[in-house]
Amino acid sequence: MKAVNHYIIVKNIKTEPKKVAGLIMTETTDVDNRYIKANVISIGNLVEGIKEKDIVYYDKHAGHDIQHEDILYRVIRSGDVVLID
């Protein structure tokens, strides 16, 4: 599987649920966390500044999901990346 053009294929990194005031905040209830942490699996031929195996943060509303060989990936544009860790 290979990304093309300005697209990036990422795999989300699962984070541990946070506790806020005794309540467990899961990914679906954590409205304060706007960005998702992910590993870069593949980059398109027009992507600059990001390489495979980088850890990036991107807007949680960006891109779309794709399933390949029973693994769920996310396809985003390079412009959706806000931080490289």
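Which residues make up the largest nonpolar core? In this predicted model, the answer is a set of twelve: I8, V10, A38, V40, I43, V47, I50, V56, Y58, A62, I76 and V81. Of the elements, β4 gives the most, with three residues.

Now step back to the whole chain. The protein has eight strands and zero helices. Along the sequence the pattern reads β-β-β-β-β-β-β-β. Buried residues account for 26% of the 85 residues. The accessible surface comes to about 6200 Å², and carbon and sulfur atoms hold 52% of that area.

Six strands form an open sheet in the order β6-β7-β1-β4-β5-β8, and the pairing is antiparallel. The edges belong to β6 (64–68) and β8 (81–84). Each has a single partner strand, so one side of each is left without a neighbour in the sheet. On average, neighbouring strands of this sheet are turned by 45° against each other, direction ignored. In general, strands of a sheet pair through backbone hydrogen bonds, either parallel or antiparallel.

The core residue V10 has R74 as its bridge partner in β7.

V40 is another member of the core. Set aside its neighbours within four places in sequence. V40 is then in contact with I8, I9, V10, I50, K51, E52, K53, D54 and V56. Among these contacts, I8, V10, I50 and V56 also belong to the core.

What about K11? This residue is found in strand β1. Its relative accessibility is 37%, so K11 counts as partly exposed. Leaving aside neighbours within four places in sequence, K11 is in contact with A38, N39, I41, I71, L72 and Y73. One of these, A38, sits 27 residues from K11 in sequence. In space the two are 5.4 Å apart, C-alpha to C-alpha. A38 is itself part of the core, whereas K11 is partly exposed.

Technical notes
Residues numbered from 1 in each chain as written. Predicted model: local features only at pLDDT ≥ 70, side-chain atom pairs only at ≥ 80, totals over all residues. Heavy atoms only, no water. Core = buried A, V, L, I, M, F, W, Y, C linked by side-chain atoms within 4.5 Å. Buried < 20%, exposed > 50% of the residue type's maximum accessible area, 1.4 Å probe, protein only. Helix = DSSP H or I, 4+ residues; strand = E, 2+ residues; numbered from the N terminus. Contact = heavy atoms within 4.5 Å. Pairing = 2+ DSSP bridges. Axes fitted to C-alpha atoms, helices over the stretch in contact; angles between N-to-C directions. Areas by Shrake-Rupley, 256 points an atom, 1.4 Å probe, with all protein chains shown as cover.
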